[in-house]
There are 4 protein chains.
Amino acid sequence: MSQSSFGKRFVVTTWGESHGKAIGAVVDGCPAGLPLCEEDIQVFLDRRKPGQSRYTTARKEGDLVEILSGVFEGKTTGTPISLLIRNTDHRSRDYGNLARAYRPGHADYTFDQKYGFRDYRGGGRSSGRETAARVAAGAIALKILSQLDISFCTYTKSIGPVTAQAFHPEEISENAFYMPDGQAAEKASAFVETCMKAGDSAGGVVECRVSGVPAGLGDTVFGKLDASLAQAVMSIGAVKAVEIGDGTTAALSKGSEDNDGFVSENGSIHKTSNHAGGIMGGMSDGSEILLRAHIKPTPSVSLPQQTVTDSGENISLEIHGRHDPVIVPRAVVVVEAMTAITLTDALFCNMNARMDRVKEFYRK
Amino acid sequence: MSQSSFGKRFVVTTWGESHGKAIGAVVDGCPAGLPLCEEDIQVFLDRRKPGQSRYTTARKEGDLVEILSGVFEGKTTGTPISLLIRNTDHRSRDYGNLARAYRPGHADYTFDQKYGFRDYRGGGRSSGRETAARVAAGAIALKILSQLDISFCTYTKSIGPVTAQAFHPEEISENAFYMPDGQAAEKASAFVETCMKAGDSAGGVVECRVSGVPAGLGDTVFGKLDASLAQAVMSIGAVKAVEIGDGTTAALSKGSEDNDGFVSENGSIHKTSNHAGGIMGGMSDGSEILLRAHIKPTPSVSLPQQTVTDSGENISLEIHGRHDPVIVPRAVVVVEAMTAITLTDALFCNMNARMDRVKEFYRK
Amino acid sequence: MSQSSFGKRFVVTTWGESHGKAIGAVVDGCPAGLPLCEEDIQVFLDRRKPGQSRYTTARKEGDLVEILSGVFEGKTTGTPISLLIRNTDHRSRDYGNLARAYRPGHADYTFDQKYGFRDYRGGGRSSGRETAARVAAGAIALKILSQLDISFCTYTKSIGPVTAQAFHPEEISENAFYMPDGQAAEKASAFVETCMKAGDSAGGVVECRVSGVPAGLGDTVFGKLDASLAQAVMSIGAVKAVEIGDGTTAALSKGSEDNDGFVSENGSIHKTSNHAGGIMGGMSDGSEILLRAHIKPTPSVSLPQQTVTDSGENISLEIHGRHDPVIVPRAVVVVEAMTAITLTDALFCNMNARMDRVKEFYRK
Amino acid sequence: MSQSSFGKRFVVTTWGESHGKAIGAVVDGCPAGLPLCEEDIQVFLDRRKPGQSRYTTARKEGDLVEILSGVFEGKTTGTPISLLIRNTDHRSRDYGNLARAYRPGHADYTFDQKYGFRDYRGGGRSSGRETAARVAAGAIALKILSQLDISFCTYTKSIGPVTAQAFHPEEISENAFYMPDGQAAEKASAFVETCMKAGDSAGGVVECRVSGVPAGLGDTVFGKLDASLAQAVMSIGAVKAVEIGDGTTAALSKGSEDNDGFVSENGSIHKTSNHAGGIMGGMSDGSEILLRAHIKPTPSVSLPQQTVTDSGENISLEIHGRHDPVIVPRAVVVVEAMTAITLTDALFCNMNARMDRVKEFYRK
């Protein structure tokens with residue numbers, strides 16, 4: 001399996017670095033016949049785009065996507081869909097003074113240790129910019145899922161110590177933090193302003209809910225749906241913890257509290273609670289899938305930091321320039337994209353689970 | 001990729017169910033020339049074995065491992081190592097009365113939804129018993145890693161609300177909970193006793209620390225080392241959350257607090273803190289790798305629970321019989337095994353990262 | 001992907017060596033609900049078994065298969081099927097005098113070069129015995145395919161210079177060579193007798209025809225159905241060439257001769273010839289799939305051969321003992337098994353090719 | 001594994017169709033530090049380019065490659081290399097009259113059966129144009145291999161019935177057919193002229209020899225080096241048979257003839273012949289690797305052919321326009337590219353075969 005690919009039957013490969021000519025993704029395994037145009041993808045890229053509030057970097061990335069293959073007369077062809085996003089605003093001179101220093105919290109040191117060199121112009125392949133390619137690919141997954149009546153609600157659960165207490169989905173798009181609680185968003189705003197004045201940064205939590213997922217997706221052992229989701233979400237740059245359902249709280253509960261009961265009503269079975277977050281034994285149970293990604297604060301801060309250069313000189317580093325004081329709001333759509341890619345793959349992998357369904361599929 | 005396999009270059013495939021004839025693993029990609037005997041594996045299986053304290057099930061599983069292939073004259077041959085563990089004590093009659101009910105917190109319902117049938121004798125493939133095969137395979141990974149001076153310390157961090165405050169590694173093996181804090185273990189004991197009397201169960205947290213991991217393991221995007229570890233650990237049955245380093249706490253920190261500085265001393269570079277848990281940008285940074293697995297309480301409780309049968313009848317279910325009131329202590333070695341498998345795979349995948357090392361390897 | 005696994009959705013992993021305790025296979029991705037018992041598999045193993053004629057080795061391998069997992073109450077469960085075949089007759093002393101020599105035509109030298117040691121007891125992992133595990137796994141694939149009305153006819157096309165001129169399927173099981181032409185089989189018999197008297201050995205060609213394969217299996221580029229079949233068949237020990245349809249003859253033809261025309265009759269489309277062997281552009285076309293495997297002569301011959309020992313001494317080697325003078329008849333069922341495994345995998349991989357079928361599958 | 005990817009550690013993904021905006025490849029797993037520029041790739045694309053003789057189509061594809069990522073300051077970075085080739089001359093109107101007909105010998109019918117639609121402008125994803133992306137990726141593999149002193153000699157062995165009798169490598173680039181025998185090339189020229197006058201086409205055979213491959217590459221079972229090469233080469237559009245070493249001739253030989261003896265001279269072991277084509281037991285043996293690809297005649301011929309339209313109408317079809325009367329010469333570099341990609345992957349996969357080498361690599 002390629003190091004830069006994700007998925008078994010719906011396979012997303014991303015490529016490109018922050019200061020190169022372009023970034024992109026190849027989406028392989030998209031079924032033929034899905035209506036798809038660039039605008040379907042652009043709306044998701046626009047959700048991730050910087051410069052939309054004072055809490056995100058002022059760089060204008062543009063992020064215009066071009067579909068190079070795999071679509072014919074407005075429909076997918078079943079063959080790989082190549083997505084291209086040119087890098088337009090990468091002023092590498094901004095990073096000039098950082099060329100030699102290992103920035104704390106970044107991949108500079110580990111990249112150098114692994115590959116024996118540094119792309120001193122910025123994060124290179126390790127830049128958050130790579131996630132634009134994931135969002136573009138995720139938009140295709142989301143289009144597939146929408147045709148199967150699977151829908152998403154993804155938002156910021158908390159910024160630093162400020163947590164959304166209420167859940168008003170309609171408020172998500174009305175504040176710069178994508179929080180479902182306008183009051184919490186105001187407190188978050190105040191908190192981030194404080195961080196910015198101090199030359200510091202903040203982290204937070206993104207929560208993703210998915211409705212309409214059929215029961216039975218995911219495998220029983222290593223390919224558990226929650227295991228795949230954990231990989232998908234933890235593979236997003238700054239994520240340091242992943243929870244499914246009650247997550248860390250489950251470990252504090254008793255069995256009688258954590259178990260979700262079942263009830264049969266009018267011939268259909270549903271659960272009486274959803275502590276499990278919609279996944280039991282690694283397989284979806286038909287209820288809402290719920291996961292949380294814990295995101296560390298932006299590592300680029302203007303406060304002085306102790307570090308070394310690649311020649312081993314001890315220095316004090318201050319990072320100025322355009323950096324998000326908090327990346328959590330922009331990560332919302334990335335978490336949604338990775339969740340969608342994972343679920344799409346699980347949907348396709350599940351199709352040969354039962355012999356009767358295989359026979360039915362091939363009309364025997 | 002097989003649904004029951006894990007890894008790219010060090011590939012572990014497990015098979016078998018709780019009430020079948022046997023369970024086992026095939027380990028493919030183990031280098032030739034590693035000294036290996038059954039006793040090397042048995043010691044790890046014994047750490048997982050039930051019946052070692054009053055807090056683990058009284059079933060005597062035996063769990064004797066047999067190496068069927070891949071070892072010749074005491075050394076691995078480079079070809080697949082087949083490990084067999086016969087199921088000896090599976091009295092399926094114990095489960096007879098549960099044959100029709102979907103047990104809350106178990107995979108009964110989702111398994112039936114996916115595959116269209118139920119192995120009514122117990123968890124089948126979804127049983128925790130499957131983890132014995134992982135532990136056997138993990139023992140081989142641990143042997144490989146030990147030859148590279150990579151060592152593990154894995155233990156119970158908390159049981160329900162009781163958290164280890166001290167870290168005395170020598171105490172880990174001296175209490176039934178594998179806690180590095182004897183006093184906390186006593187409190188945990190009291191807590192679990194209370195649960196047992198109430199017919200209830202407890203969860204907890206396992207923590208794993210790995211020393212000696214060279215810098216540069218893991219890939220930059222989907223194959224990030226933390227992403228692979230998250231998949232590996234979340235794929236263990238009852239795990240509901242995975243943290244790397246500071247984990248959920250990182251999301252509450254400011255950038256100036258969370259960043260690990262670097263310092264150069266006597267020609268070698270090290271970090272001044274380890275909030276990152278030894279992984280930056282998805283690659284190991286040479287410091288201690290630290291992760292935590294949050295484990296839900298044992299779902300089998302004797303308190304009455306609301307559920308349905310596979311024919312849709314609403315019933316109240318009480319589960320009696322032999323069940324661990326807390327599985328956390330037995331999960332310690334499973335977390336260690338999955339972490340070791342992941343790191344071994346990352347070690348092998350890293351070998352072609354640099355052209356100069358490839359040329360050196362092939363002596364050109 | 002494991003080095004010892006084959007397939008993407010129907011994944012076969014084999015393990016074991018000729019003189020170890022056992023060999024076996026793990027079949028992952030078999031749909032739930034397929035009726036399966038050990039006898040279903042045994043009949044195929046018996047077709048491969050040695051000692052059935054004077055042209056195959058007199059060793060009694062027994063080759064009794066045991067199903068260890070993945071089957072419950074006579075049906076597959078959707079989880080991995082572990083197959084075990086104990087090695088019962090491996091008298092390693094027979095090979096004692098060959099312990100140091102690199103046998104010409106065998107993997108002794110290359111195995112030593114790769115892994116740094118030799119299993120001097122025989123071919124080890126490189127022994128033809130490994131194919132018993134493939135046949136066992138292939139029997140499951142064949143059972144799946146039979147439920148979809150896909151059927152096989154596999155036979156020996158030629159032995160050395162003797163080629164079957166007639167095609168009488170009913171004669172295949174009536175001669176020791178599994179040739180569809182009894183007269184050719186008699187000539188083959190005379191030819192092999194000559195080889196045996198001279199202390200020499202023979203090769204030949206196996207042909208496999210598959211009927212009932214639906215159109216559209218296989219991918220357009222690297223995963224072409226013929227490419228997968230070529231890998232599958234070339235991975236059988238002694239195979240040195242693989243042909244699809246007209247194969248090498250196609251290269252001699254003109255386009256007007258090689259192209260298969262189409263005709264529409266009574267609303268259904270079929271081809272007017274089948275030079276392509278049932279695969280066009282890498283996808284099955286609904287007509288009979290036809291492939292040929294060219295198998296080299298058994299490398300173990302009693303004629304003296306020039307070779308070296310593992311310490312570099314030049315010697316003359318004569319290999320006595322029990323060896324098939326021709327392995328082609330025993331390879332027939334191996335080619336069939338690998339073809340069946342490949343087609344089963346292609347069937348499952350094809351299920352998400354079209355969005356309308358995906359929606360239909362999930363009833364949306 | 002993606003349907004459009006090839007390889008395990010050196011992974012090539014291609015995308016794009018003949019009449020879309022562009023085609024391209026993503027090469028993942030290329031080690032960091034390899035000097036690489038667009039010109040390194042362009043020279044291989046130019047070998048494949050049409051319009052170089054009267055026996056290849058007059059279309060001017062241009063085939064200018066652009067490196068979009070993975071190279072920094074003239075060296076590879078270890079991250080994915082994205083290669084883009086714009087389609088400049090695709091005049092889709094040429095194909096207008098073929099929009100409804102299933103062209104014999106093409107993938108039109110099977111593509112429609114699989115995906116439920118046709119890209120009526122030409123071969124789409126199934127077009128030979130896709131191989132330009134393989135050649136671009138193969139150029140990177142060839143650069144890697146050249147640094148390890150592994151070199152290639154690939155040429156046309158035969159055109160229709162005309163086979164090269166002599167082997168003069170220096171003549172390969174001196175005739176339009178890339179034959180190592182100028183006299184045979186002249187005969188081939190006369191043969192193809194005859195085909196062209198008759199509105200017909202020819203096939204042929206490509207042979208590839210690789211020197212300097214270290215012993216031990218390839219795995220023992222499904223991942224045999226010859227099996228991977230067979231998949232790689234058979235995945236090229238028009239290839240209908242693949243041979244390794246003596247190939248089909250081996251099946252006619254006796255063991256005493258086909259076996260390659262060993263001899264030890266001055267402390268080094270080599271073979272006394274190379275019937276095996278450099279691969280024994282699936283692993284390279286250190287001698288020259290030799291394979292042959294049998295290529296069918298170009299399916300587009302102007303002679304009338306019987307076929308049907310996608311609505312089931314029986315028609316007689318004549319295909320005019322620009323088509324190679326023989327594609328064999330242009331396939332030479334494609335066979336070389338696929339062979340190089342396969343060997344590069346095998347080189348990287350082999351690095352963890354021995355524990356002593358792993359320890360040495362990590363300096364323990």
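Student: What makes the ten strands an open sheet, and in what order do they run?

Tutor: In this predicted model, the order is β9(A)-β8(A)-β10(A)-β16(A)-β11(A)-β11(B)-β16(B)-β10(B)-β8(B)-β9(B), with antiparallel pairing. At the edges stand β9 (162-163) of chain A and β9 (162-163) of chain B, each with a single partner strand, so one side of each has no neighbour in the sheet. The sheet is therefore called open.

Student: Which strands of chain C and chain D pair, and over how many bridges?

Tutor: Strand β11 (residues 239-244) of chain C pairs with strand β11 (residues 239-244) of chain D, in the antiparallel sense and over three bridges. Against a requirement of at least two bridges, three bridges qualify these strands as paired. C:Val242 stands opposite D:Val242 in β11(D).

Student: What makes β1 and β4 the edges of the sheet of five strands in chain A?

Tutor: That open sheet has the order β1-β2-β3-β7-β4 (chain A), with antiparallel pairing. Both β1 (5-6) and β4 (65-67) of chain A have a single partner strand, so one side of each is left without a neighbour in the sheet. Elsewhere in this order, strand β3 (residues 22-28) and strand β7 (residues 81-86) of chain A pair in the antiparallel sense over six bridges. A:Ala22 stands opposite A:Arg86 in β7(A).

Student: How do you know what rotation relates chain C to chain D?

Tutor: Superposing chain C on chain D takes a rotation of 180 degrees with 0.0 Å of shift along its axis, and the RMSD is 0.0 Å. C:Gln231 comes closest to the rotation axis among the residues of chain C, at 2.4 Å (C-alpha).

Student: Why are chain C and chain D said to meet through the same surface?

Tutor: The contact takes 103 residues from chain C and 103 residues from chain D. Of the interface residues of chain C, 100% are also interface residues in chain D, so the copies meet through the same surface.

Student: What makes up the area buried between chain C and chain D, and how many polar contacts and salt bridges accompany it?

Tutor: The buried area is about 8,100 Å², of which carbon and sulfur atoms give 61%. The side of chain C that touches chain D has 43 nonpolar, 42 polar and 18 charged residues. There are 35 residue pairs in polar contact across this interface (both at pLDDT 80 or more), but zero salt bridges are found.

Student: Which helices supply the side of chain C that touches chain A?

Tutor: At least two residues come from each of α3 (130-147), α7 (328-349) and α8 (355-361) of chain C. The largest share, six residues, comes from α8(C). By class, this side divides into 17 nonpolar, seven polar and nine charged residues.

Student: What area do chain C and chain A bury, and which three residues of chain C supply more than any other three?

Tutor: Between them they bury about 3,100 Å², 58% of it on carbon and sulfur atoms. C:Arg9, C:Met355 and C:Tyr362 supply 23% of the area that chain C buries against chain A, more than any other three residues.

Student: Why is the relation of chain C to chain A called that of a two-fold axis?

Tutor: A rotation of 180 degrees with 0.0 Å of shift along its axis superposes chain C on chain A, with an RMSD of 0.0 Å. That is the relation of a two-fold axis. The same surface serves both copies, as 100% of the contact residues of chain C recur in chain A.

Key. Residues numbered from 1 in each chain as written. Chains lettered and ligands numbered in written order. Predicted model: local features only at pLDDT ≥ 70, side-chain atom pairs only at ≥ 80, totals over all residues. Heavy atoms only, no water. Buried area = accessible area lost by both parts, 1.4 Å probe. Helix = DSSP H or I, 4+ residues; strand = E, 2+ residues; numbered from the N terminus. Nonpolar A, V, L, I, M, F, W, Y, C, P; charged D, E, K, R; others polar. Least-squares fit on C-alpha atoms with pLDDT ≥ 70 in both. Contact = heavy atoms within 4.5 Å. Salt bridge = Lys/Arg side-chain N within 4 Å of Asp/Glu carboxyl O. Polar contact = N/O pair within 3.5 Å; in protein donor to acceptor, adjacent residues only side chain to side chain.
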